[in-house]
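Please take a look at the sequence and structure shown here.

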Amino acid sequence: MTDPDRFLADFHKLRSFGAAGVGKGVVRPAYGDADVGARQWLASRMTEAGLRVEVDPMGNVFGLAGAGSLLVGSHSDSQPEGGWLDGALGVIAGLELARAAKETGGPPVSCVSFQDEEGRWGVTTGSAVWAGNIEQDKADALTDHAGIALGDARQAMDTMVTGPVDPAQFGGFIEMHIEQGPHLDTTGERIGVVTDIVGIRDMKVTFEGQQNHAGTTPMHLRRDAFQALAAFNASIEERFRNVVTPRTVWTIGHVSLHPNASSIVPGRAVFSMQWRDADGDRLKRMEEIIRDTAAEVADARGMTLSFGPMLGLEPVEMDARLRGALETGAEEVAPARWRRMPSGALHDATNVSRLMPVAMLFVPSIDGISHAFAEDTREEDLVAGLKVLDAAVQRLRR
Ligand code: HGY
Ligand code: MN
Ligand code: MN
């Protein structure tokens, strides 16, 4: 039997690595001291639970229970400003299920914490490399916003690495997560069983103009990289209108202006362009609009334009058998207070679906807030999610 108190205690302990900000905030970016410290602690908890710890070259930490086991987990790195639940929930739930299975002699459960799910270097990088969605040498060449290469950063975990971890030993993967959106909180439902996960595209765009004096350069002679970015943004909002649906999202979340000073016409703007949708064709159409619009803006304003590597993941559907077990578990634990729903956030399950059947369940996010210090969920809902997962694992054994 899983132990809710032990589960919650481990959860609060994990939060102490990188605890920050008000409330239950966490700053635990991939390969930083807090992240590596958390992974060392997780490995020790897995060992205490009788699991065999293996760590692959990316720093994905596995607690192994043997051939044919179900893999349960998520990620323990965070956004630059994150909450205590994103990823951590699935990791600690996996640890508790694996531990309970060892204690009771139940069906074997292995657990995992994937590395860099939050994409300091890309999109769900640790599971992407493990699943073969991106080759290790290509991933190693990616740089974060500070210019640090993944290949250098991952050396922070070298002492923990044991070698490649064979995916063939797992019968399937289940990831529990917070919803990170408003739907369950708004309806008062307690569990979401995921039907599918959207696809994503993400790339850096650079406009290079002419750095110059902000007092003496006449407006008509400027080649202002910020103004190019502003014009690009206004134009894509307009051009996307006939292409997108209410579920389509796009974000310019990171902007770097050079040299970023009040009295200098900016010479360079580097920004992230990310878009998500459940339809691969629509993602492609949006890419065309982005590339064409950027080229037109660059042309009209005398800019040099360049694009970084485009990273992406395709939309994926959840496995019917695993999903059915979660649905039955949800009805047992929260009768008539659960729903089927798509995921607008990306998850490690997308990558793992290349290797084995996958499924996911959600618990509510208070006020729908995530990727922020204010992220939270009622503890009774965290425990309800654990119980659904437990019920599903028992059912899958039969
Ligand atoms: O951005 C995402 O969807 C995820 O939290 N990495
Ligand atoms: Mn997450
Ligand atoms: Mn996240």
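Predicted model: local features only at pLDDT ≥ 70, side-chain atom pairs only at ≥ 80, totals over all residues.

Residues are numbered from 1 along each chain as its sequence is written, chains are lettered from A and ligands numbered from 1 in the order in which they are written, and side-chain values use heavy atoms, with hydrogens and water left out.

The manganese ion (ligand 2) and the manganese ion (ligand 3) are 3.6 Å apart. D86 coordinates both. Donors are N, O and S atoms within 2.8 Å of the metal (3.2 Å for Na, K and Ca); water is not among the atoms, so sites may look incomplete.

| Ion | Protein donors | Distance from ion |
|---|---|---|
| manganese ion (ligand 2) | H75 (NE2), D86 (OD), H177 (NE2) | 2.0 to 2.2 Å |
| manganese ion (ligand 3) | D86 (OD), E118 (OE), E118 (OE), H371 (NE2) | 2.1 to 2.4 Å |

Take ligand 2 in sequence. Its donor residues are spaced H-x10-D-x90-H. H75 lies in strand β3 (residues 69–75) and H177 in strand β5 (residues 170–178), so the pair ties together parts 102 residues apart in sequence. Strands (E, at least two residues) and helices (H or I, at least four) are DSSP runs, numbered from the N terminus. H75 is buried, at 0% relative accessibility. H177 is buried too, at 1%. Buried means under 20% relative accessible area, exposed over 50%, partly exposed in between (1.4 Å probe, protein chains only).

For ligand 3 the spacing is D-x31-E-x252-H. E118 sits in the loop between β4 (109–114) and α4 (125–131), and H371 in the loop between β17 (358–363) and α12 (379–397). This pair links parts of the chain 253 residues apart. E118 is buried, at 13%, whereas H371 is partly exposed, at 40%.
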